[in-house]
Amino acid sequence: MTAPKNDRLLRALKRQPVDRTPVWLMRQAGRYLPEYRATRSQAGSFLAMAKNPEIACEVTLQPLRRFDLDAAILFSDILTIPDAMGLELYFVEGEGPKFKHTVRSAADAERLQVPDMQQDLGYVMEAVRVIRRELDGKVPLIGFSGSPWTLACYMVEGGGSKDFARIKAMALNDPQTLHTLLSVNTDAVIAYLAAQRQAGAQALQVFDTWGGVLSPAMYREFSLPYLTRIARELERGEGEERTPLILFGKGNAIHLQALADSGAEAVGVDWLIELSDAARQTGGKVALQGNLDPATLYGSPQAIREQVRRALDSYAEGNGGSREGHVFNLGHGMSPDMNPDHVGVLVDAVHEFSRR
Ligand code: CP3
């Protein structure tokens with residue numbers, strides 16, 4: 001497949017030189033954009049949007065029409081996999097995602113199967129193809145999945161959670177069942193990312209949003225080995241043709257050396273670590289993505305520019321004075337009440353301050 005006209009993201013993920021640091025934002029498509037809210041009220045619901053490839057394409061492109069972003073990210077959700085496994089995803093207004101069925105027993109976990117990527121998740125692959133066609137090579141398209149652990153959190157809890165009581169109880173009382181669940185999730189994630197790549201995704205990100213709620217020992221047992229298996233087993237080409245894999249995790253700062261050795265091309269970090277420290281700890285083995293506190297977007301344009309400059313310089317300081325191998329992003333996703341104009345300020349500041 002042909003290289004995009006703007007290949008800054010792909011080059012930076014391979015730690016190759018670029019003219020300026022690429023930037024994209026987690027949750028760059030969403031409710032903070034009035035045009036998203038308009039499309040959503042026409043479509044009826046988030047799931048109706050995600051399951052319609054033309055609409056998913058439209059909302060994927062919306063932030064790119066406003067901002068000078070260096071990548072598009074597929075409009076979808078991490079919870080498509082458990083939905084396709086038969087757990088039946090739905091959303092309650094103001095309460096977030098829920099599942100009709102949960103995974104609580106050994107029998108529940110043993111019943112799960114890797115979904116058929118074309119039959120059960122074909123709408124995602126079709127969205128990838130439509131978006132690639134409409135992007136017409138302007139910027140690369142990022143595909144994504146949840147991590148096995150993060151998916152398991154929603155599957156066991158039945159939705160979002162504050163204390164992760166049920167899944168932590170499972171980890172303590174019946175670790176074998178949790179490993180059965182994590183193992184089928186890992187097989188599904190590998191098949192899902194491979195199918196998105198076949199459909200045209202040019203970079204792939206795994207969101208381990210809830211890895212950071214685990215103690216270090218439990219992270220090493222229940223999240224890290226499965227992330228590593230994805231990084232090792234996901235077939236993604238060789239050399240220049242290789243599709244880069246980004247492992248993003250909230251609260252992953254204490255595991256950066258292990259993540260740098262996982263086989264992934266890049267690691268995404270949140271804002272609880274200085275990029276200079278993250279760069280020193282990973283020692284050039286991977287590219288780094290991040291890491292402004294999303295709340296930075298509540299600051300003034302001047303404050304946002306200041307924070308962007310700080311983050312860029314922090315990365316370079318820890319990376320032997322070089323900006324290579326940095327993909328600018330927030331440390332987590334955007335919120336619906338953020339000001340779109342501030343996003344423009346951030347994106348332009350990244351490009352202005354990082355020009356080589
Ligand atoms: O980044 C992007 O723009 C791409 C699209 C994307 C969405 N969800 C769209 C979405 C991505 C990458 C995700 C990943 C996702 N989904 C994660 C991992 C990343 C993270 O933010 O930690 C998680 C934990 C989920 C599960 C999920 N889906 C949650 C917690 C919510 C929010 C519920 C709410 O009411 O705020 C969703 C729904 C969702 N996924 C929305 C969007 C734009 C909001 C939909 C809407 O109400 O219109």
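**The ligand and its pocket**

Of the 23 residues around the ligand, the ones that come nearest are Arg27, Arg31, Tyr36, Arg40 and His332. Around, here, means that a residue has a heavy atom within 4 Å of the molecule.

A word on the model. It is a predicted one, so local features need pLDDT of at least 70 and side-chain atom pairs count only at pLDDT 80 or more, while totals for chains, interfaces and linings use all residues. Residues are numbered from 1 along each chain as its sequence is written, and side-chain values use heavy atoms, with hydrogens and water left out.

Now the polar contacts, meaning pairs of N or O atoms within 3.5 Å. An oxygen atom of the ligand lies 2.6 Å from a backbone N or O atom of Arg27. In Arg31, a side-chain N or O atom is 2.6 Å from a ligand oxygen. For His332, a side-chain N or O atom is likewise 2.6 Å from an oxygen atom of the ligand. On its own the ligand has 870 Å² of accessible area, and the protein covers 89% of that; the areas come from the Shrake-Rupley method with a 1.4 Å probe.

By class, the shell has 14 nonpolar, five polar and four charged residues. Nonpolar means Ala, Val, Leu, Ile, Met, Phe, Trp, Tyr, Cys and Pro; charged means Asp, Glu, Lys and Arg; the others, Gly among them, are polar. Helix α2 (34-43) and strand β3 (96-99) each give the shell at least two residues. Helices are DSSP runs of H or I with at least four residues, and strands are runs of E with at least two, numbered from the N terminus.

Where does the ligand sit? The space it takes is the largest pocket. A pocket is an open set of points on a 1 Å grid over the protein atoms alone, where a 1.4 Å probe fits, with protein on both sides within 12 Å along at least five of seven lines; lining residues have an atom within 4 Å of a point. A molecule sits in one if more than half of its atoms lie within 2 Å of its grid points.

The largest pocket holds about 1,500 Å³ of space, the volume filled by probe spheres set on the points. Its lining has 43 residues, and Arg27, Arg31, Asp77, Phe91 and Pro97 lie nearest the centre. Strand β2 gives the largest share of that lining, three residues.

Last, Arg27 again. Arg27 is in the loop between α1 (8-13) and α2, and its phi is positive, near 60°.

How values were computed:
Polar contact = N/O pair within 3.5 Å; in protein donor to acceptor, adjacent residues only side chain to side chain.
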